[in-house]
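Please open the model in a viewer and keep the selection tool at hand.

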Amino acid sequence: MDILSFVLGVGTVAIAALSTVSVVAYFKVSKVSEKTSDLERGLSEEVDRVHRFVDEHKNENEYQFSEVYREIEKHINDIHREIDSRLDKLENKLVKKVA
């Protein structure tokens, strides 16, 4: 009977210790899980912020490139008009000399 009492006592202590370790491990795991979720949420927000930043600057750059292209096109058209005007004047002078 003494051996049975000893075995039951050791078993009870072992079950209590296992239960305590299980509860502590559960709380540690849930704390780590919560921190992981917070990190994941923060990382997701940061990625979204970077995407918005890139999109905003992409639009700004597209606008600036369009402006530069329009300016270049305007200058080229001005040069063509000036050349055309000079050629017309030269043509008129040559026609007057020939006639």
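The radius of gyration used here is taken over C-alpha atoms, and the rule for a globule is 2.2 Å times the number of residues to the power 0.38. The model on the screen is predicted. For a compact globule of 99 residues the radius of gyration would be near 13 Å, but the protein chain has 42 Å.

**The whole chain**

Display the complete chain as a cartoon. How many helices and strands does the protein chain contain? There are one helix and zero strands. The helix, H1, covers residues 2–98.

Lys28 is part of helix H1 and is exposed, because its relative accessible area of 57% is over the limit of 50%.

Now switch to a surface display. The protein chain exposes about 9500 Å², of which carbon and sulfur atoms supply 64%. What percentage of the 99 residues counts as buried? The share is 0%, where buried means under 20% relative accessible area.

**The aromatic pair**

Select Tyr26 and Phe27 and show their side chains. A search of the whole structure finds one aromatic pair. Tyr26 and Phe27 form this pair in an edge-to-face arrangement, with 5.6 Å from centre to centre and 70° between the planes. Tyr26 counts as exposed at 56% relative accessibility, and Phe27 counts as exposed at 53%.

**The salt bridges**

The structure holds five salt bridges.

First, select Glu46 and Arg49. Their side chains meet in a salt bridge with an N to O distance of 2.6 Å. Why are these two residues about one helical turn apart? Glu46 and Arg49 are separated by about one turn because they are three residues apart in helix H1. Glu46 is partly exposed, at a relative accessible area of 37%, and Arg49 is also partly exposed, at 42%.

Next, select Glu67 and Arg70. A salt bridge joins their side chains, at 2.8 Å from N to O. Both residues lie in helix H1, three residues apart, which is about one turn of the helix. Arg70 counts as partly exposed at 45% relative accessibility, and Glu67 is partly exposed at 29%.

Then select Asp78 and Arg81. The salt bridge between these side chains has an N to O distance of 2.3 Å. Asp78 and Arg81 are both in helix H1, with three residues, or about one turn, between their positions.

**The nonpolar patch**

For the last stop, select Ile79, Ile83, Leu87, Leu90 and Leu94, and colour them on the surface. These residues form a nonpolar patch, and together they have about 480 Å² of accessible area. One of them, Leu94, has its place in helix H1.

Methods:
Residues are numbered from 1 along each chain as its sequence is written. This is a predicted model: local features need pLDDT of at least 70, side-chain atom pairs count only at pLDDT 80 or more; totals for chains, interfaces and linings use all residues. Side-chain values use heavy atoms; hydrogens and water are left out. Patches are made of residues with over 30% relative accessible area and no salt bridge: like charges are joined within 9 Å, nonpolar side chains (Val, Leu, Ile, Met, Phe, Trp, Tyr) within 5 Å. Accessible areas come from the Shrake-Rupley method with a 1.4 Å probe; for residues, only the protein chains shown count as cover. A salt bridge is a side-chain nitrogen of Lys or Arg within 4 Å of a carboxyl oxygen of Asp or Glu. Helices (H or I, at least four residues) and strands (E, at least two) are DSSP runs, numbered from the N terminus. Buried means under 20% relative accessible area, exposed over 50%, partly exposed in between (1.4 Å probe, protein chains only). Rings of Phe, Tyr and Trp (its six-membered ring) pair if their centres lie within 6.5 Å; planes under 30 degrees apart count as stacked, over 60 as edge-to-face and the rest as tilted.
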